[in-house]
Every structure is written in structure tokens, then in C-alpha cells.
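Dear colleague,

I am handing over the structure we spoke about, and my notes on it follow directly below.

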Amino acid sequence: MAAVSVRHEVGQALDQLVGTGVPGAQAVVTERGRSWEAVSGVGDRRSGKAFPHRSHVRIGSNTKTFVATVILQLVAEGKVKLDDPIDRYLPGVVRGNGNDGTRITVRQLLQHTSGLPDYLVKLDTDGTQHFEPAELVRTALTMRSHFEPGTKWEYSNTNYILAGMLIEKVTGRSTATEITNRIIKPLGLTDTYYPAPYETGIRGPHPRGYDQADGKWVDVTDQDPSWGGAAGAMVSTGQDVNRFFTALLGGRLLPPAQLAEMKRTVPADVFPGAEYGLGLIRIPVSCGKELWGHGGSIPGFRTRGGVAADGRSVNVTVNQVTATGSADVMKVVDTAVCSN
């Protein structure tokens with residue numbers, strides 16, 4: 001009966017979420033290796049169909065946790081040191097306007113305490129252009145550093161573009177290849193991938209992703225996610241995202257020392273009361289359980305969730321990003337984590 005109660009409460013929460021105006025929503029809840037889904041609203045406004053089973057969606061900044069995991073694996077292998085300056089690995093790349101790679105550590109990149117400005121502030125894209133990582137970093141460096149490294153927390157996608165460049169410099173292979181070989185294949189995440197260069201569609205069954213411009217609905221499902229790169233390009237399903245976070249927090253991807261580093265947090269305003277580790281967020285929930293995850297937002301898709309200390313993992317997706325919608329999605333996450 002407990003499972004029935006959880007499903008009912010999650011279903012009601014999804015209905016309330018869709019009532020805020022997003023076209024549709026899907027929750028995937030995983031416990032003891034088994035997943036179930038709940039949906040509300042539509043995955044396709046034209047056909048009226050709901051989110052398909054095992055929906056493939058753009059997971060945005062959840063990509064950062066994959067990237068951070070690879071870097072911490074490299075730390076465990078002795079190939080990277082968290083407290084070394086990024087300039088040691090990418091000499092001369094971070095320079096200008098008070099931005100100094102000799103004074104910004106790898107740890108500060110992963111924890112968003114670098115002071116580097118976010119390239120997205122100045123990036124002009126409609127989703128059709130292709131960008132190289134170095135180009136995104138150069139865009140960021142046209143702006144002044146926001147603060148002395150290590151003195152504050154501020155979310156900046158530039159940090160993770162550099163983290164991806166670090167992976168490629170140290171390994172000699174692409175970030176996509178390293179994530180695939182180190183995480184996706186070992187965990188059997190068959191519905192998860194890092195898009196190929198210039199790939200604009202979404203493989204597998206998926207909802208359409210929407211935006212609104214001048215009061216009109218715009219389908220933004222197909223886009224070149226290179227502007228997100230190592231900060232937000234990946235595609236996955238709720239089931240796979242849950243499996244990834246469960247494996248990560250369960251110690252299957254990192255040795256204890258590196259997982260402990262990942263969970264060393266600083267206060268962060270990404271969610272109310274949240275704390276940010278190294279590509280991992282401690283998310284407060286109403287029942288007091290410890291929830292670790294990340295979340296992601298990219299035009300057309302917003303995902304939120306994580307894995308709780310009792311082993312229940314949750315991923316909630318909506319197919320429109322709205323200005324205030326993150327809190328509404330988090331209400332469903334809270335319901336799914338805390339319901340009995």
C-alpha cells in the first residue's frame with residue numbers, strides 16, 4: 001500500500017506542476033533497482049501525446065556531475081590534483097580582465113568558487129550554431145573576474161567548459177569518450193549519451209521541448225548543444241540519471257577519498273538552503289532526508305532530482321523552462337522523496 005500512496009501523491013504533484021503552465025511533466029522514481037514512471041500533461045503539443053515511456057531528454061547541467069566524476073577519477077589515478085592551478089594543465093588559457101588561471105584551482109572550477117564570469121551572459125545563439133570550448137572560454141574572458149578565487153560561490157558554466165578542456169588535455173581523448181568509457185558503459189546506461197559534434201536531434205523516444213517567445217509556443221527540441229558542452233550537453237532518461245546518481249553516491253564510481261571530496265560543500269543559492277560540492281548538490285527536502293543530486297535546465301527541458309540516503313532516487317522533467325519553474329519542479333521531487 002505504501003507504493004500506491006507514493007504513486008498517488010506523485011501523480012497529484014505532477015498535475016499541480018502542469019497546472020502552473022508547463023506542457024507536460026514526468027517523474028521517474030527508482031528503489032532497489034526498480035523504476036516506475038508517472039506523467040501529466042503532454043509531451044507533444046501538436047499530437048497531444050504524453051511523455052513517452054523511458055523518455056530521452058536533454059539533462060542540461062546534470063552533465064556537470066558526469067564531468068566532475070571523471071576529473072575525480074583522474075585525481076584518484078594521480079593524473080590531476082584538485083588544488084593545482086588550472087594553468088598547470090591549460091597554460092595561458094585563462095588570462096585577461098582580472099581572470100588568472102595561475103590563481104584558480106581545479107577544485108574552485110568544480111565548486112563554482114573561481115570568480116570566472118559565465119560566458120552565457122554574452123553568448124548570442126538560437127541553438128543552430130556550433131561552438132568550440134575555447135571559443136566559449138574566450139567569450140567569458142571578455143568580462144572581468146567577479147571575485148577573488150575561493151572567496152565566494154557563484155554558478156558559472158565557464159568553470160565546466162574548462163573542466164572538459166582539462167579532461168581532454170590530460171587524457172588526450174574527448175570529454176564524450178571519457179564519460180562514455182568511464183561511466184556510461186560500466187554502468188550500462190544504454191539511454192545516455194554525449195551528443196556527437198553538430199548533432200541536433202534527440203535519439204530514441206522523447207517529448208518535444210518548448211519555449212515561449214512573444215506569447216507564442218516555439219519548439220526548441222532540435223538544437224546544437226555545443227553551447228552547453230561539458231557544462232550541459234548530455235541526453236539521458238530518468239531511469240539512467242537515477243542509476244548514475246545511485247552508483248555515484250554508492251561508491252561504485254569513485255574511491256572513498258574522492259567521493260568525500262565531492263561531498264565537501266559550500267553554501268550555494270542554486271536552490272534555497274542548498275550546498276554545492278564538486279559537481280554535486282546537497283538538496284534540502286521537507287522530511288529532512290539527505291538528498292544528493294544536481295539538476296539541469298536547457299531550452300526546452302528542465303530536470304531536477306537526486307538520490308536520498310534511504311536509496312530512493314528521483315528525477316522529474318518538464319518540457320519547458322520557465323523563469324520561476326524550478327521551485328515548482330522541486331515540489332514534485334520533495335513529494336517523491338518524502339512520501340511513504
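Is R54 buried, exposed or partly exposed? R54 is partly exposed, with a relative accessible area of 27%, where buried means under 20% relative accessible area, exposed over 50% and partly exposed in between, with a 1.4 Å probe and protein chains only.

This is a predicted model, in which local features need pLDDT of at least 70 and side-chain atom pairs count only at pLDDT 80 or more, while totals for chains, interfaces and linings use all residues. Residues are numbered from 1 along each chain as its sequence is written, and side-chain values use heavy atoms, with hydrogens and water left out.

Salt bridges

A salt bridge is taken as a side-chain nitrogen of Lys or Arg within 4 Å of a carboxyl oxygen of Asp or Glu, and the count by this rule is 20. R54 forms one with D240, their closest N and O atoms being 3.8 Å apart. This pair links distant parts of the chain, 186 residues apart, with R54 in the loop between β2 (34-41) and β3 (57-58) and D240 in helix α7 (residues 238-249); helices (H or I, at least four residues) and strands (E, at least two) are DSSP runs numbered from the N terminus. D240 counts as buried at 1% relative accessibility.

In helix α6, E178 and R182 lie four residues apart, about one turn of the helix, and they form a salt bridge whose closest N and O atoms are 2.6 Å apart. E178 is buried, with a relative accessible area of 3%, and R182 counts as buried at 15%. Both belong to a network of salt bridges that links E77, K79, R173, E178 and R182.

Helix α4

The buried residues of α4 are L136, V137, T139 and A140. They lie on the same side of α4 because they cover an arc of only 155 degrees around the axis, the arc being that of the directions from the helix axis to the C-beta atoms. These buried residues pack against α5, and contact here means heavy atoms within 4.5 Å.

The loop around G228

G228 is in the loop between β7 (216-219) and β8 (235-236) and is buried, with a relative accessible area of 4%. Leaving aside neighbours within four places in sequence, G228 is in contact with Y119, I161 and A233. The C-alpha atoms of G228 and L136 are separated by 9.2 Å, although the two residues are 92 apart along the chain.
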